[in-house]
Amino acid sequence: MTISATQWGPPTATRRALLIHGMTMSSNSWEGLAQLLVAEGFFVVAPNLLAHAWRQGNTDHRISAFAEDLRPYFVMDTSYDVIIGHSFGGAVALSLLPFLPKKKETTLILLDPGLEFTEEQNKMNLNLFLKETANIKPVDVHMAKNPAWSRRDCILRTLGFSMCDRTAVEVFRQNSPWSFNGLLKKIPPHVKITVLVSDPKFGVGICNLEHIPRDVERLNVRALTGIGHWIQYECPDVIMDAIPLPRAKL
């Protein structure tokens, strides 16, 4: 098994964060948020998922296989204070729940996660993946389309497409029906989950509020106004606000 990841901060830091990227992205796409976490005393690890960042995929592209591939990040009871997953990475992050040490409190933050798609939406996602990986947009196109992004973020977006193996398209074929919101109904007592949902008026919204279960203990849902799907690029501070941080004593 190949370990492929980006790290930030000192491994001796007292707090740890695990960041799970979305489809056609890579570990270094978390650069901006990772730096904010390091400033708050975190050691940050961001794995590259199967079939991304020059990693080869395999014949199994189920969400459970992506989660199983991350099991080495939990060996010897390795734990994380915070786990953050974006888009497709949100479904993968939820599938990590069985790996989390029961004696460690963990905060899971899902950024506009892709948890529920109709068959038609899944086919649209498949076709969009094929189109965007066949004709990769240059950096300047991303900058013109996303004025809230930094140039660095636009470069990393283009880089993610360039390094993505097109066999990842099997994700859409092998996860049908695409339905993972049931995992939000089974939150273990040592885990708290926050779901940040983008404003559908600002770009393509992946997460639908109607698909998130209500009145679930340890589940907090926040609908964002004026922020699109790429929350970590457009407003990383809203993510930092969802992370329990030590407060200074008065």
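Biologist: Which residue is the bridge partner of alanine 17 in β3?

Modeller: Strands of a sheet pair through backbone hydrogen bonds, either parallel or antiparallel. Here the partner of alanine 17 in β3 is valine 44. This is a predicted model, in which local features need pLDDT of at least 70, side-chain atom pairs count only at pLDDT 80 or more, and totals for chains, interfaces and linings use all residues. Residues are numbered from 1 along each chain as its sequence is written, and side-chain values use heavy atoms, with hydrogens and water left out.

Biologist: In which sense do β2 and β3 pair?

Modeller: Two strands pair if DSSP finds at least two bridges between them; strands are DSSP runs of E, at least two residues, and helices runs of H or I, at least four, numbered from the N terminus. Strand β2 (residues 15-20) and strand β3 (residues 42-47) are parallel, over four bridges.

Biologist: In what order do the strands of the open sheet lie?

Modeller: The order of its seven strands is β1-β3-β2-β4-β5-β8-β9, with mixed pairing. At the edges, β1 (5-8) and β9 (219-223) each pair on one side only.

Biologist: Which residues of α4 are buried?

Modeller: Buried means under 20% relative accessible area and exposed over 50%, with partly exposed in between (1.4 Å probe, protein chains only). In α4, the buried residues are Asn122, Leu126, Phe129, Glu132 and Thr133. Their arc, taken from the directions from the helix axis to the C-beta atoms, is only 140°, so they lie on the same side of α4. Exposed on the other side of α4 are Glu120, Lys123, Met124 and Lys131.
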